[in-house]
Amino acid sequence: MLENENKQKIIRFSIIWGMIFIAGIVIWIISLGGQNDARAWRALLINFIYFTPLSAGMVVWVAVVQASNGKWLGKLEPLGITGAAFAIPSVLFLVLLWAGSSHWATWFGRLYYKNGWLNNTFLFIRDLAALIAFWITAFWYINRRNTERKLFAAGVLIVVYCVVFTLLAFDLVMALDPEWKSTLFGAYFFISGLYIAITALTFISLFTVKPDADRRHDLGKLIFAFSILTTYMMFCQLLPMYYENLPSETRFIVPRMNFVPWETITFLLIGLFYLGPLVLLLTIWAKKTTWYLGLICFILLVVMWIERWWLVDASFQHALNFGWAEISSFAAFAGILGLGMIQFTLRMKNVLYQTDKN
Amino acid sequence: MKSEYSKELTLKEVNDDVLSASKPPIPLYYFFIAFLALVVVWGLFAWIYQVRRGMGVAGLSHPVGWGVYIANFVFWVGIAHSGTLISAILFLVRAKFRDAVSRSAEAMTIFAVMTAGLFPLMHLGRLWIFYYIMPYPNERELWPNFLSPLVWDFLAVSTYFTVSLIFWYVGMIPDLASGRDRFTKLLGPDHIKTRVYRALALGWSGAESQWRHYGRSYLYFAALATPLVISVHSVVSWDFAMGLLPGWHETIFAPYFVAGAIHSGLAMVLTLLIPLRKIFKLEKLMTIKHFEMVAKTMLVTGGILGYTYVIEPAMAFYSGDKFESQFMNFEQTGWVAWVYYLIIICNFFIPMLFIFKKFRRNFLYLFIISLVVNLGMWLERVMIVAASTAHDFLPHNWGKYTPSWVEISITAASLAFFLMWFLIFSKTLPTVPMADYKEQLVEGEGFKPEPPPKKRIVPISIKGKTKVMAIFSSHEHFLKSVKKVYEAGYHVVEAFSPLKIKEVSDILHKPKSPVRIWTLIGAILGIVSGYTLAIATANTNKLIVGGKPPTAPIPYTIVGFEMLILFGTLATLIGLLYHSRLYKKRIHPYYDPRFSKDKYGILIACESNELNDLREVVLSENAEEFNVRE
C-alpha cells in the first residue's frame, strides 16, 4: 500500500520535472535568433557553469568527507551520489554549446596570442574529454567507495575534479574575455563549485532524507566555511588587480564594480553570496533550525545563480537583461537534474546503497 | 572502543610520561644548547658587523635588493604556520591525531615567528627607526601608510604572534596545573620550578565552572586563529604580488604561499618531533599513526604546490605576455634553472612518495623526506625573492645575486636560534597537551548520559551546609553520579575533572558561557577600529599615494581583518580570565591535587541529616572516597 503510494509520488514528480525540462527547452529554442541570439546561448552557458559544478560537487563532497575520515554523512551519502545523474545531460549540454559556439564564443574564428590554445575545435574537444573523464572517474569512485581502496579512489576523484574544473573555468569562463587572465581563477571556480554543491546538497536533503540536528549543524558549518573560502579566493584576485591597476587586469573588475547596474549586483553578491553566511549562519540556532537553514540555502542558491550570471554577462552587456532566455534555460537544466536524480534513486539502488565490502 | 591512536594508556601514564620529560637533562643536552648558543653569538656578531659597516657587507646590490634576509623571513613565517594549522584547524575539524603533536607545533610557531621577526630588522639596516611603522599619534602627524604591504605585514605578523602566544598559553593552563601539583609533591612547594608553574597555572583547579568557559574560549581561539593563519601568509605573499615584476604579480600567490607555508611547517614538525619522541621517550604518546596523518596532510599541501607549478607556466604560455614568458624561460633555462627543478623535485615529487604506505609508516623515510622538503621550501623562498628582481623587464638591468658570508652566518644563526628555543621548551614545559590527550582516552568509554529534566535546586547559599567531597577514578561513574545526585535534588556545588567534560555542564543545566558575547563585541570593535584607523589616518594629510584615494576600502580590509582577529582574541582572553576567576591566584578551597592527574570529584552541599541518603546515592556509583567536610 505504502509502496504503491510512493511509486505514485515518484511518477508524479518525474512527470513534473520532465515537463519543466521540456517547457524550458521549447521556450529556450523560441528565444533563439534575432537580437537576443547570443544572449540566449550565453544563458545556456550560465546554467551549464551553475549546474555542472553543483551536481559534480555533490559527488565530490562524498569523496571529500570520506578522504578526511569523516563518517557523519549517513543518508546524505546516497543523496550526494545522485548528483552523478547529471553526467550525461552535462556532456550533452556541452556538445550543444559547441554546436552553437559560433553564436556566442568570443574566440570563435579568431586567433588569440598567436598560439592555438583558443582554437574553437581544440577547446571543445579537450573540454568534452575532460568532462567525460571526470564523470568516468566519479563512477569509478562510486563503485569503489566501500572497498579497501576507497581513500585512494576518493583522493583521485578530488584531484581530477580540481584539474577538470580548472580547465573548464579557464576555457569557458575566463576566455570569454581572452585579453584577461588570472592564475587563481581555476581555483576560484572549483572552490565556489563546492560551495554551490554543499548548499544544494543541504537544501535538497532538508526535503528528502531530513538530516538530524547534528548533521544540519555540520552542513551549516560547511556552507559557512566554504563561503569564507570562496570570499578569500575572490579577494586574492581582487586585491592585486585593484592595487596594480593594469588595464589588462582591471578589464574584468571595472564593468562589475564601477558601473551601475552591475555595481549593484556586485554589492548584492558581497552581502549575500560572499559574506552572507558569515552573518546569517553564525549562530548554532541558525545552523540547526530546519526552516531557517532551508530559507538561507534557498537565498544562497539564488544568489549563486546570479553570481554565475555576473561572471558571464557583465563582460558583454552594460544593462541587466534578464528574461525568458535565462528562465527557460534554467528550467531546462533544473528539470533534467530533478528528473535524473529521481530516476537515479529509483533505478540505481545497488549503486547507491552499497554495503561495506570490507 | 578506545581511540585508535592511543590504545593502552591510562590517564596517570599520560601525566607521568609527559611531565617526567622535564627531569634534569643529561650533559649532552647542555652541550647542544652551548653549541647552538655559540652559533647564535656568531650570527649576532655578523649582524653587529653589518650595522657598523652598512648594508654593503650583505650580497645585496643592484638589481637584487631583496635577498636571503627576506627569503628567511618568508621561510620562518611559513614554518610558523603548521603550529596553528595543527592546533586550530585540526581542532575545529575534530581530527584526533592532532593531540600528540599540537603543543610542540604551537611552540614551534612561537619560536619561528620570533625568528622571522628579526629579519625585517636586519634587512632594514637602521633598525632603530623600526618604530616608524607603528601607528601612534605623534606631533608631526606622520602615520604609517596603510596602503603599504609592509605595514600589513607588520600588523599580520604581530597579530599572529600575539594570538599564537595566547592560544599556546591558554591551551597549556590545565597542563601547567598538572605540573604544579606534581612538582609540589616531588620537589616541595618552595622549589623554583613549582613556583613558576604555580604562577603560570593561574589557580586552575579543573572545576566545572572553569572548564565551561575554557572549552568555549578555546573553540573561539581556534575559530579566530584559523582565518588568521591563512591571512598571515597571504599578506606575506602580497609583499610580492603587489609588485609589478613578472613572477611576483600573480593572483594565485596568496593560496600558493599559504599552502607552501603549511607544507614546510609540517615538514618541520616531522623534523623536530621524530628525534624528540625518541630522546624524551614519548613513543607511547606519539605513535606512527600520528606521523602518518601529518604525512597525509603533506600530500594535500604538496598537491596544491604541484598545481601552482603547472598553472604558472601554463598561464605565461596562455597569455602570450612577453615579460611573463621571458621570465619563465629564464627560470627554466637560465642560471637559476637548477634551483627551479630542484624545488619541484623536493617540494612536489619527493613528498608525493607519501602516497605509498611504505614511506608514510617508516620514521627514517619520514625524517629524510621532511629534511628534503625543508630544503626545497627554503630554496623556493630564495628563488621567489631573488629571481624576479634579478630578471625584470629590461635586459640591461639583469643581474646576479650571491649571498655574502654575513648573510650566510645570520641564516645559520637563525636556525640555531630557533632550535635553541625549541630545546629549552622541550625540557621545561609539557610537550604534549595532556588534558586533550586524556579527553581522547575517555572518549572511547562511550558514555554520554542524557541530561535530566531541569530541576529547581533550592539552596543557593551553601553557608552552614555540610559539604561532601566524593572522589571517583572512573569517568563513567563520575558522570552517572553527577546525574544521580542532581536528580535526587542535592546541590552540586562544583565538579572537578582532569579533562574537559561538556556533559557535566549539560547535566547540571549550566547556562552557556558568556564568553561568546566578549568575543563578538571584541571582533566587531576590532573591525570597526581597523577601518577607522586606516581611513582616519590617511585622511589626516589627504595624500594620493600610489594612485589610490585616501579612503580605499579594498586594501583597508586587511587592516580591518587583522584588528578583528586581534581584538576578538584579546576580548575572549579577558572574558575567560574573568568568568573562570583565573585572575585570582588562590586555588579553589576544596581542590585536591589528584584532580589534575586522574581523579574526578563532586562537591555536594546538603543538610547534615541527609548525609546517609547522599552516601548511598554516591556509593552506589563506586565512589572511592566520601569525605565529609565541616
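A polar contact is a pair of N or O atoms within 3.5 Å; within protein, one of the two must be able to donate a hydrogen and the other to accept it, and residues adjacent in sequence count only if both atoms are side-chain atoms. By this rule, 11 residue pairs, with both members at pLDDT 80 or more, are in polar contact across the interface of chain B and chain A. The model is a predicted one, in which local features need pLDDT of at least 70 and side-chain atom pairs count only at pLDDT 80 or more, while totals for chains, interfaces and linings use all residues. Residues are numbered from 1 along each chain as its sequence is written, chains are lettered from A in the order in which they are written, and side-chain values use heavy atoms, with hydrogens and water left out.

At the interface, 39 residues of chain B are in contact with 39 residues of chain A, contact meaning heavy atoms within 4.5 Å. The area buried between the two chains is about 3200 Å², of which carbon and sulfur atoms give 69%; buried area is the accessible area (1.4 Å probe) that two parts lose on being put together, summed over both. Thr251(B), Tyr318(B) and Ile554(B) supply 25% of the area that chain B buries against chain A, more than any other three residues. Among the elements that give two or more residues to this side of chain B are helix H6 (149-187), helix H9 (253-279) and helix H10 (288-319), helices being DSSP runs (H or I, at least four residues) numbered from the N terminus. H10(B) gives the most, with 8 residues.

Salt bridges, in which a side-chain nitrogen of Lys or Arg lies within 4 Å of a carboxyl oxygen of Asp or Glu, number 0 between chain B and chain A.

Within chain B, Gln326(B) is placed in helix H11 (residues 322-333). The side chains of Gln326(B) and His391(B) are joined by a polar contact of 3.1 Å. Apart from neighbours within four places in sequence, Gln326(B) is in contact with His391(B), Asp392(B) and Trp398(B).
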